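This report goes through selected features of one structure, residue by residue and helix by helix. Please keep the sequence and the 3D view open while reading.

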Amino acid sequence: MAISKLVSGVETACMGVEDGMTFMLGGFGLCGIPENCIEELVRLGVKDVTCISNNAGVDNFGLGRLLQGHQIRKMISSYVGENDEFERQMLSGELEVDLIPQGSLAERCRAGGAGIPAFYTPAGFGTEVAEGKEVRDFDGKPHILESALTSDFAFVKAWRGDEAGNLVFKATARNFNPMMAMAGKITVAEVEELVPLGTLDPNEIHTPGIFVQRIFQGDSYEKRIEQRTVRPLNN
Amino acid sequence: MLDKNGIATRIAQEVQDGQYVNLGIGIPTLVANHIPNGMNVEFQSENGILGMGPFPFEGSEDADLINAGKQTITALPGAVYFDSATSFAMIRGRHVQLTVLGAMEVSSTGDIANWKIPGKMVKGMGGAMDLVASADNIVVAMMHTNRAGESKLLPQCSLPLTGVACVKRVVTNLAVIDIKDGAFHLVERAPGVSVEDIKSATAGKLIIPDSVPEMNL
């Protein structure tokens with residue numbers, strides 16, 4: 001029998017979060033973000049947290065909600081260009097920010113979940129990112145040493161999931177979610193559709209349930225689009 | 001002088017049949033509109049898609065299907081979705097053959113700066129540092145000068161770097177310029193633009209051959 005990760009809802013799923021903790025949050029822009037968990041973190045009012053997330057949401061949605069309440073002490077991200085409040089808090093020194101290359105961010109999370117303490121990458125050599133980091137040549141090319149990332153909680157969002165914690169993502173909403181699921185001490189998965197055990201084809205599961213500690217059926221997904229670009233329908 | 005679509009048209013000529021290509025935000029995105037019919041090219045977007053198609057028809061946009069510029073897109077037959085670690089394995093592992101991206105400054109030694117203006121603009125590097133550190137073939141798409149009319153092709157970059165000694169070709173509104181041996185080399189000029197115009201808009205050392213053909217657009 002599968003080990004059940006099912007919890008009743010977002011309140012139970014977020015039990016144990018505390019001030020000063022480090023959180024990982026999946027998503028790229030507003031695509032594939034754990035909307036329910038973010039709202040719960042706002043409601044709980046946890047403070048001085050470090051958030052590892054590719055982006056920082058927009059002013060009134062996604063991680064922007066936590067920034068509004070000054071709940072975040074430090075952000076570790078690759079791109080934060082869509083959020084005025086973020087920029088204001090960073091330039092005023094209220095918010096500590098560690099900007100790192102996107103591929104290094106993804107691999108640092110993957111490494112954290114895979115038990116690899118550090119790795120060498122060419123990304124960022126010769127730039128600010130390399131300051132204070134070990135440099136080593138491989139095949140005549142310089143690389144910098146990047147360390148793994150882990151977190152107290154990882155909050156991820158999937159399209160479908162089952163009681164065993166197995167997850168399937170939809171389209172580009174997958175992004176950072178699978179690596180962050182691996183790297184959380186407690187990984188909370190919210191899913192659009194919780195399906196009975198045995199429904200998901202084992203051949204087609206993206207994140208095995210072993211990486212997930214709590215799963216729940218999310219609700220009221222807003223799924224905002226940041227840049228709505230379309231072709232006209234005529235002809 | 002070219003407009004943004006003109007720059008994209010010229011860069012589309014750099015794309016070869018059978019290539020996997022990553023297009024950055026801005027002018028580079030427009031390159032996809034100028035690939036000749038019948039050419040087999042797959043566009044990768046680093047947020048997790050290979051086989052990216054055009055924008056969706058009005059009414060069929062999907063919040064779960066976007067490109068790295070957060071724009072709604074479509075997936076072509078044969079497309080595939082993947083996570084961010086796999087995406088950057090494709091980039092870092094040199095499986096993506098051509099990268100086209102924008103820049104604020106490029107130096108005559110191939111350095112590029114495009115992610116930060118200290119004290120003013122702090123958006124982050126996104127995937128640009130990974131892309132420029134690994135791609136074999138990097139083409140920069142940009143205007144030759146900034147809004148203040150100052151050259152963006154410099155002896156050395158003044159802004160924080162995105163990558164060092166990585167850019168090999170720059171296509172601007174004025175010219176196609178190659179970078180080698182610590183200098184800019186004029187390759188082609190845009191329609192109606194003189195060598196003198198290009199020379200005065202280029203702050204870094206510019207090598208001018210005896211004959212500089214006009215771009216064939």
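## A buried loop residue in chain A

A:Asn175 is buried, with a relative accessible area of 0%. The model is a predicted one, and all values in this report are computed from it. A:Asn175 sits in the loop that runs between strand S9 (167-168) and helix H6 (177-183) of chain A. Its phi is positive, about 30°, although A:Asn175 is not a glycine.

## An exposed loop residue in chain B

B:Asp181 is another residue that has a positive phi without being a glycine; here the value is about 50°. B:Asp181 belongs to the loop between strand S13 (175-180) and strand S14 (183-189) of chain B. Is B:Asp181 buried or exposed? B:Asp181 has a relative accessible area of 76%, and a residue counts as exposed when this value is over 50%, so B:Asp181 is exposed.

## Chain B as a whole

Chain B contains five helices and 15 strands. Its radius of gyration is 17 Å, close to the 17 Å that the globule rule gives for 217 residues, so chain B is as compact as a globular protein of that length. Along the principal axes, the C-alpha atoms of chain B fill a box of roughly 50 × 40 × 30 Å.

Of the 217 residues in chain B, 59% are buried. Contacts can also be sorted by separation in sequence. Among the contacts in chain B that link residues at least 6 apart in sequence, 60% join residues at least 24 apart.

## Helix H3 of chain B

Seven of the nine residues of H3(B) are buried, so this helix is largely enclosed by the rest of the structure. The buried residues are B:Ser84, B:Ala85, B:Ser87, B:Phe88, B:Met90, B:Ile91 and B:Arg92.

What covers these buried residues? From chain A, the cover includes H5, strand S5 (118-121) and H6. From chain B, it includes strand S1 (20-23), strand S2 (42-45) and helix H4 (128-134).

## Where the two helices cross

Two packed helices are described by the angle between their axes and the distance between the axes. The axes of helix H5 (residues 102-114) of chain A and helix H3 (residues 84-92) of chain B come within 9 Å and cross at roughly 125°. H5(A) and H3(B) are therefore oblique to each other, and their crossing is left-handed.

On the H5(A) side, the contact is made by A:Gln102, A:Gly103, A:Ser104, A:Ala106, A:Glu107 and A:Arg110. On the H3(B) side, B:Ser84, B:Ala85, B:Phe88 and B:Arg92 take part. Sorted by class, the contact has three nonpolar, four polar and three charged residues.

A:Arg108 lies in helix H5 of chain A and is buried, with a relative accessible area of 8%. Leaving aside neighbours within four places in sequence, A:Arg108 is in contact with A:Ile100, A:Phe119, A:Glu146, A:Ser147, A:Ala148 and A:Leu149.

A:Thr50 is part of strand S2 (residues 49-52) of chain A. With a relative accessible area of 7%, A:Thr50 is buried. Which residues does A:Thr50 touch, not counting residues up to four places away in sequence? They are A:Met21, A:Thr22, A:Phe23, A:Arg73, A:Lys74 and A:Ile76. A:Thr50 and A:Met15 are 35 residues apart in sequence, and their C-alpha atoms are 17 Å apart in space.

Terms used
Residues numbered from 1 in each chain as written. Chains lettered and ligands numbered in written order. Predicted model: local features only at pLDDT ≥ 70, side-chain atom pairs only at ≥ 80, totals over all residues. Heavy atoms only, no water. Axes fitted to C-alpha atoms, helices over the stretch in contact; angles between N-to-C directions. Helix = DSSP H or I, 4+ residues; strand = E, 2+ residues; numbered from the N terminus. Parallel < 35°, antiparallel > 145°, perpendicular 65-115°, else oblique. Left-handed = near helix turned anticlockwise from the far one by under 90°. Contact = heavy atoms within 4.5 Å. Nonpolar A, V, L, I, M, F, W, Y, C, P; charged D, E, K, R; others polar. Rg over C-alpha atoms; globule rule 2.2 N^0.38 Å. Buried < 20%, exposed > 50% of the residue type's maximum accessible area, 1.4 Å probe, protein only.
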